[in-house]
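Open the structure in your viewer and keep the sequence panel beside it. This tour tells you what to select at each stop.

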Amino acid sequence: METVHKTQSFKTIDLIYSALFATLIMVGANITSFVPFLTVGGVPITLQAFFAILAGLVLGSKKGAIACAVYMFIGLAGAPVFSKFSGGFSAILLPTFGFIVTFIISAYIAGKIAEKFQTRLAYIIGALVAMAVNYIIGTTWMYFAYTLWASAPEGFTYNMAWLWMIPPMPKDIILSIFAGFFAYRIQKILKILPTK
C-alpha cells in the first residue's frame, strides 16, 4: 500500500516545503548585498541556482518548479526578493531575468532525472544538467536583452556574455555536485519523491 509521502498529490507538507525552498532562493539571491564585489559584468554571483536545483532534487520536478515559480511571482509582485533586494514587474526587463525564469526549468529537469533514476549519480548528473540549462538559457537571454533593449557595453558580443559567466562557473559546478550529494541524502530521510 502506498504511503502518503509517496503520492503525487500536493499536500500541506508540500506547501511548507515549497515555501521553504522559495525562501531559500530569496536568501540566496541577496548574498551580493552583503558581499558587493561578487558581481561580474552586471551578473551577481548568487546561490539562487543552487537552491532552485536543490528544490527540484528534493521536492521532485513539479513541486520543485512550483517553488521556483512562487519565488519568481513574489518578486514580480513587488517583494524585494531578487538580487540586491530588487523586485517588481519591471524586473522582466533586466538582462539577468532569464536566469530567474530558468530556475523553474532547471528545478523541473533536475527533479525529473532524480525521479526517474533515484541514484546518487543520477542526482549529481541531474544537478549538473540543470545548471548547464540555467547557464545556456540565462546567458542567451542576457545577450539578447543587452542587444535588443538594455544598454549594452561597447563592443558587446555573445562571447563576451559567456566571458562574464566564467567567474561564477566553477562555484556553480561545485555547488551542483554538492546539491546532488546533499539532496540524495536528504531524500533518503524525507522520502518525498515517489518510489519507482
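**Before you start**

This is a predicted model, in which local features need pLDDT of at least 70, side-chain atom pairs count only at pLDDT 80 or more, and totals for chains, interfaces and linings use all residues. Residues are numbered from 1 along each chain as its sequence is written, and side-chain values use heavy atoms, with hydrogens and water left out.

**Stop 1: the whole chain**

Colour by secondary structure. The protein chain has eight helices and two strands. Helices here are DSSP runs of H or I with at least four residues, strands are E runs of at least two, and both are numbered from the N terminus. Along the sequence the pattern reads α-α-β-β-α-α-α-α-α-α.

Of the 196 residues in the protein chain, 46% are buried. Buried means under 20% relative accessible area, exposed means over 50%, and partly exposed lies in between (1.4 Å probe, protein chains only). Take contacts between residues at least 6 apart in sequence: 73% of them join residues at least 24 apart. A contact means heavy atoms within 4.5 Å.

**Stop 2: helix 3 against helix 4**

Select residues 48–59 for helix 3 and 61–76 for helix 4. Their axes come within 6 Å and cross at roughly 145 degrees. Axes are lines fitted to C-alpha atoms, for helices over the stretch in contact, and angles run from 0 to 180 degrees between N-to-C directions. The crossing of helix 3 with helix 4 is right-handed.

Now show side chains. Helix 3 brings Gln48, Ala52, Ala55, Gly56 and Leu59; helix 4 brings Ser61, Lys63, Gly64, Ala67, Cys68 and Tyr71. By class, the contact has six nonpolar, four polar and one charged residue. Nonpolar covers Ala, Val, Leu, Ile, Met, Phe, Trp, Tyr, Cys and Pro; charged covers Asp, Glu, Lys and Arg; the others, Gly among them, are polar.

**Stop 3: Cys68**

Stay in helix 4 and pick Cys68. Is Cys68 buried or exposed? It is buried, with a relative accessible area of 1%. Leaving out residues up to four places away in sequence, Cys68 touches Ile25, Ala52, Phe103, Ile104 and Ala107. Select Ala49 too: its C-alpha is 9.8 Å from that of Cys68, though 19 residues separate them in sequence.

**Stop 4: helix 6 against helix 8**

Move to residues 120–148 (helix 6) and 169–190 (helix 8); their axes come within 8 Å and cross at roughly 140 degrees. This crossing is also right-handed. Helix 6 contributes residues including Tyr123, Ala127 and Met131, while helix 8 contributes residues including Ile173, Gly180 and Tyr184. The contact of helix 6 with helix 8 counts 12 nonpolar, three polar and two charged residues.

**Stop 5: the core**

How many residues does the largest nonpolar core have? It has 48, and those with the most contacts inside it are Leu54, Leu57, Tyr71, Phe82 and Phe103. A nonpolar core is a set of buried Ala, Val, Leu, Ile, Met, Phe, Trp, Tyr and Cys residues joined through side-chain atoms within 4.5 Å. Helix 3 gives the largest share, 10 residues.

Zoom in on Leu57. Beyond its neighbours within four places in sequence, its contacts include Ala110, Ala114, Tyr123, Ala183 and Leu193.

Next, pick Ala114 in helix 5. Ala114 is at 0% relative accessibility, so it counts as buried. Outside four places in sequence, Ala114 touches Leu57, Tyr123 and Leu193. The C-alpha atoms of Ala114 and Ala127 are 9.0 Å apart.

**Stop 6: the rings**

Show every Phe, Tyr and Trp. The whole structure holds 14 aromatic pairs. Rings (for Trp, the six-membered one) pair if their centres lie within 6.5 Å; planes under 30 degrees apart are stacked, over 60 edge-to-face, and the rest tilted.

Phe156 and Trp164 make a tilted pair, 5.2 Å centre to centre with 40 degrees between planes. Phe156 is buried at 11%, and Trp164 is buried at 14%. Phe178 and Phe182 are stacked because their ring centres are 5.7 Å apart and their planes at 10 degrees. Both lie in helix 8, four residues apart, about one turn of the helix. Phe178 is partly exposed at 44%, and Phe182 is partly exposed at 36%.

Last, select Tyr143, Phe144, Tyr146, Phe156, Tyr158, Trp162 and Trp164: they form one aromatic cluster.

How values were computed
A crossing is left-handed if the near helix is turned anticlockwise from the far one by less than a right angle, and right-handed if clockwise.
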